[in-house]
Amino acid sequence: MALKDYLQLARAHTAPATIITMLVAYHVGGGRVFSCFGLLIGVYALLIHWLSYGHNSLIDFKTGYDSKDKNKQHFPLVSGRITIAQADRVIHWGLLIFSIFGAAISYYYAANPVLSISGLLLFYSAGHAYNDGLGKTSILKSIPLTLCYLGLWLWVYFMSASTFTYLGGLVMVYMGLTILYQIAYEGELKDLEADEANLLRYLGAKVEKGFLYPGKAALLSSFKLAGIAVLLLINMKFYVFAGAMVMFYLVYLLTVQRVWNHGKELTRVAVMEIITIYMLVIAVMPWREAVTLMTFGIVYYISMNKFMWRTLLRPQV
C-alpha cells in the first residue's frame, strides 16, 4: 500500500478540472481567487475531488464492474494493493467530514448561505446517486453527474454571489453542457466495451473489426456544439474563437467513423477536456489569474500522470 495506490484509486490526475472550474465559479460570483478564502476553496476542491472519484472507484469495484473490465486490471483495488476495508475507512470518513465542513463554511461565510448549502446538498445527493448505481445501470447516467458538478459549482458560486448574474448563468450553462458531453459521449466512448449500461451502444455505436461506428450516438455531439456556442456568447475575442475552432475539430475527430484505438481515444478526450476548461478560464478571468491557474493545471496534470501512470497525456484509465 503506497501513496501512488491511493492517488490511482482517486484518479488524482484529473483534479485540476474541479479545482479550476470551482475557482472560476468563485471568481464569476465576485470572489478573489488570490486570497486566503480562494486558497481554501482550491484545497477543498482538490480533496473533495480525490474523495468523490475514489468513492466512484470503490463502488465500481464492490459491484464487480472493474474486476470484469480488461482496461482496469491494474487498478489498486482490482490488483489487491488496497483492500476494501482500507478504502472504506479513508473515503467514507472523508466524505462525511467534508460534507459537514462545507456546510459550515456556507453557513458562516457564504454571501447566500441557503443557495450555497443547497448546492452542496445537490452535489452530495446526485454524486451518491451516480456512484452508488446509476453510473453503471442507467444510460442516463450523465444527468445525475451533471447535477452533481453543478451543485458543487453552485456551492462555491454563492459563496461570493448573492444572486445569479447574466455571466454567472452563462458560465453555469457552459459547465453543464461540458459535463453532459463529457459523460454522455466521452465517458461512454471510453467504456464502450465494458459490461455496463452505455448510452452510445444504445444509440447504435459499436466496435467491429477494429473500427468504431458511432451510429446515432454522433448526435450527442450537439451538446458540445451548444457549449461552444455558449462560450462564444461569453467572450468572442480572437483567442477564445481560435480555441473554439480547435474544440470543433476535436468534436469531429471524436465523432466520425474511424479505426478504434482505446489509447488514442483517451488522449483525444484528455486534450478536449483541457481545452474546454482553459477556454473558459481565458474567457472570464484576468490574465494574471488565468495564466497562474492554467500553468498550475498543466504542471499538476503532467506531474501526476508521470508519477501515477508513467505517462504524460495518456492516463491508464
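View A. At 8% relative accessibility, Asp 5 counts as buried (buried is under 20% relative accessible area, exposed over 50%, partly exposed in between, with a 1.4 Å probe and protein chains only). This is a predicted model, where local features need pLDDT of at least 70 and side-chain atom pairs 80 or more, while totals for chains, interfaces and linings use all residues. Residues are numbered from 1 along each chain as its sequence is written, and side-chain values use heavy atoms, leaving out hydrogens and water. Asp 5 and Arg 81 meet through their side chains in a salt bridge, 2.7 Å from N to O (that is, a side-chain nitrogen of Lys or Arg within 4 Å of a carboxyl oxygen of Asp or Glu). Asp 5 sits in helix H1 (residues 3-9) and Arg 81 in the loop between H5 (76-79) and H6 (84-109), so the pair ties together parts 76 residues apart in sequence. Helices here are DSSP runs (H or I, at least four residues), numbered from the N terminus. Arg 81 is partly exposed, at 30%.

**View B. Lys 141 meets Glu 188.** Here the salt bridge spans 3.1 Å, N to O. Lys 141 is in the loop between H7 and H8 (142-160) and Glu 188 in H9, so this pair ties together parts 47 residues apart in sequence. Lys 141 is buried at 2%, and Glu 188 is buried at 2% too.

**View C. Val 284 in the largest nonpolar core.** This core has 100 residues, and Val 284 is one of those with the most contacts inside it; helix H9 (residues 166-190) gives the largest share, 13 residues. A nonpolar core means buried Ala, Val, Leu, Ile, Met, Phe, Trp, Tyr and Cys residues joined through side-chain atoms within 4.5 Å. Leaving aside residues up to four places away in sequence, Val 284 touches Val 24, His 27, Val 28, Leu 167, Val 171 and Ile 234 (contact is heavy atoms within 4.5 Å).

**View D. Asp 132 on helix H7.** Asp 132 lies in H7 (residues 113-137) and is partly exposed at 45%. Beyond residues up to four places away in sequence, Asp 132 touches His 55 and Ile 59. Thr 63 is 69 residues from Asp 132 in sequence and 9.1 Å away in space, C-alpha to C-alpha.

Methods: Helices (H or I, at least four residues) and strands (E, at least two) are DSSP runs, numbered from the N terminus.
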